[in-house]
Amino acid sequence: MLKIKLLFLLIITCSLGYSQSKGAKVMVNARAQKDKILIRWAINSPIEWQKANKKGFVITRTTILRDGNVLPKPEKIVLTPKPLLPEPLDSWLNLAQKDNNAAIIAQSIYGESFEITGAKEGELAKIVSMADELDQRYTFALYAADMSFTGAVKAGWGFVDTNVKVNEVYAYQVSVFESPKVKESSYMIGLKDFSVLPAPTDFIAIPDDKKVLLSWDYETFKRIYTSFMVEKSSDGINYTPIATTPLVNLNDKDEHPSKTMYYIDTLSVNDKMYQYRLYGITSFGEKGEVTKPIAATGVAAIVTAARLIDYNIVNSNEVNLEWEYPVASEGFIQGYEINLADNDKGPYKVVTKMIPPSERKLNYKENLFPSNYFTISVVGKNNQRLTSQSMLIQPVDSIPPAKPIGLEGVIDSLGVVRLKWKPNQEKDLRGYRILKANNAGEEFVDIYHKSYVGNDYKDSVSLKMINSKVYYRIAAEDMRFNISEPSDILILDKPDKIPPAAPIFKDYENKDGKVHLKWIRSYSEDVVGHSLRRREKGQEKWLEIKQINDTIQEYTDDRIENKKTYQYAILARDKSNLWSSLDHSIITVQVLDFTPVKIITFLQGLPDRENKKIVLTWNYNKSKDKVISLSIYKNVKGTPPTLWKELNDTVFTIEDKNLNINSEYEYHLIPNLENDSPSKVETLTVIY
């Protein structure tokens, strides 16, 4: 029995997406060549995979298209008269001696035991800690099949279809013989799908001390290639692989997919130029196009740090620095960088980049902190950095910060004040002094009692105090306790919670069906307007009849009805939209109007001597004062009138036959109204 020891360098990966799932299924992939089609498959369940190795696989090919046309009756043939099974163990010996991956496949199928040896502790712990022997056989078999298409074909997991035509497209269906429990899968492909395998992109080399870090784009090509091979040359002509087995990605996980793949090539010496090139390998054993060569050489590591040895303070914002470094080591570095922080622990910021290797002095002219911690870094040719210990430099500072600007703020309805301002730019800024006054001309008081760090501040004010405004200023303070000129004064209006004083009525007059009102305005300073309102007594809702935004203090209301009782209210509104109380701003007025109402709009008297009569005709206006009857008084002109007729409201014409020739008659029509209001008497004179 063949016994194989598996090396720890093998990884568990599979380009076909082999994974456990709830339902067992055959997973199929295919690749078109110029004159043949390669097919690969696997099952996503270890148990069903083991059963399928004994039952075998059946491949059915269906011709779908020919010359670009869909066949009305697809042509289906079985490519495997007998189910594909792994070839007998004895036939594997020659291939296993040449192909280690084929040996792994044979061991996974026929081996009595399957063990992993040669791995350092922990390197495969995540892979095998929860896996039993069947899982190991299954996983490593799939990996090895991806690395060796010849081995996959020999195991019955791959097939080469050479009986194909360039003008046809096929659907290949792979199923497990007599296993309906395992779902079959199909793959549609034709020779026209052949394409040249691309070269990997973003292939770069980063030199280091006796090693070179190689990297390339993995995310784009992981669905094309299952592994990669890097080749190396010292003369740019002859290339050899840098590893005995293809390179696979150990770090690609579904939850954390890798974008880039890396490989470190160890060098025996630095300063020797090497060329590298890269190609990918598919699960069908195909080699992709090779990248263009890239060159790299090892670079010596930095072993000596520079050291700051002296300084000279020119002024508060300028200092001269001096350092030492061996002249003999200058050829191994790119130069120096100066770093600065305001405390020894940092963080440090690079303030001067790439000073030439031969330099030993620097004049630094930037804003300095009250306490400055300088370090110097030596930058190697591989961008490695070696940084010195810090040096403390404290210049004398008597210049205060700039005057703060941009102070603004708001006070909310609860009296919470929120201030903010533009931050000062001084590096040695300690903070700000917050100053406050409650009245104009009052001395400002420091309400925080120390430097406040930040450029916003929250305060509170009492809304019960009588002052309507509050005043703020801020001043900047540096680390040397120099205090700037205070900012411009910010004046904030306090929220108004007190309604204005109520206006009061001082007089009213009810005359001719109109109500004339007079009032005294509210004396509150922040009043912006008044509102005159009216309602019928007994009603709840007020109707605004006049908005007063000027000095008007009287109003005549003529939109009222006789004998009704009305209530009037006058209210004041301040700029905070608060309204005065109604408690003492209401009067009640009863409308009594004795002015006669004109009811008759048409009145005519026509004498008819032939028929010896006078015909009177009249009409009423469309008034809300309803007529219930009509009284007509008659007299000869110059004599007192007497009641002549009483008519109801539906009569609009009448004849008078009690007449004397050559007489002048007067008729007086008086409508009687339902509400007992006086109506205007209409008089008509007719000569008969």
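Biologist: Which side chains meet aspartate 557 or arginine 534 in a salt bridge?
Modeller: The side chains of aspartate 557 and arginine 534 pair with each other in a salt bridge, at 2.7 Å from N to O; the term means a side-chain nitrogen of Lys or Arg within 4 Å of a carboxyl oxygen of Asp or Glu. The pair links distant parts of the chain, with aspartate 557 in strand S34 (residues 554-557) and arginine 534 in strand S32 (residues 527-536), 23 residues apart. Helices (H or I, at least four residues) and strands (E, at least two) are DSSP runs, numbered from the N terminus.

Biologist: What should I know about the model itself?
Modeller: This is a predicted model, in which local features need pLDDT of at least 70 and side-chain atom pairs count only at pLDDT 80 or more, while totals for chains, interfaces and linings use all residues. Residues are numbered from 1 along each chain as its sequence is written, and side-chain values use heavy atoms, with hydrogens and water left out.

Biologist: Is aspartate 557 buried or exposed?
Modeller: Aspartate 557 is buried, at 2% relative accessibility, and arginine 534 is also buried, at 12%. Buried means under 20% relative accessible area, exposed over 50%, and partly exposed in between (1.4 Å probe, protein chains only).

Biologist: How many salt bridges does a search of the whole structure find?
Modeller: The search finds 30. One of them joins glutamate 75 and arginine 66 at 2.8 Å, N to O. Glutamate 75 is partly exposed at 37%, and arginine 66 is partly exposed at 23%.

Biologist: Where are the partners lysine 403 and glutamate 485?
Modeller: Their side chains form a salt bridge at 3.9 Å, N to O. Lysine 403 is in the loop between strand S22 (391-393) and strand S23 (405-411), and glutamate 485 is in the loop between strand S28 (469-478) and strand S29 (490-493), so the pair links distant parts of the chain, 82 residues apart. Lysine 403 is partly exposed, with a relative accessible area of 30%.

Biologist: Changing topic, where is lysine 494 placed?
Modeller: Lysine 494 is in the loop between S29 and strand S30 (504-511). At 11% relative accessibility, lysine 494 is buried.

Biologist: What does lysine 494 touch?
Modeller: Leaving out residues up to four places away in sequence, lysine 494 touches several residues, among them Ile411, Val461, Leu463 and Met465; contact means heavy atoms within 4.5 Å. Its side chain also reaches the backbone oxygen of serine 462 at 2.6 Å.

Biologist: And the backbone: which residues does a cis peptide bond join?
Modeller: A cis peptide bond joins glycine 346 and proline 347, with omega about 10°. Proline 347 lies in the loop between strand S17 (333-341) and strand S18 (349-355). Most residues other than glycine have a negative phi, and most peptide bonds are trans.

Biologist: What is phi of glutamate 178?
Modeller: Phi of glutamate 178 is positive, near 50°. Glutamate 178 sits in the loop between strand S6 (168-176) and strand S7 (185-190), and is exposed, with a relative accessible area of 62%.

Biologist: Where is methionine 354?
Modeller: Methionine 354 is in strand S18. Although not a glycine, methionine 354 has a positive phi of about 45°; at 36% relative accessibility, methionine 354 is partly exposed.

Conventions
A polar contact is a pair of N or O atoms within 3.5 Å; within protein, one must be able to donate a hydrogen and the other to accept it, and residues adjacent in sequence count only if both atoms are side-chain atoms.
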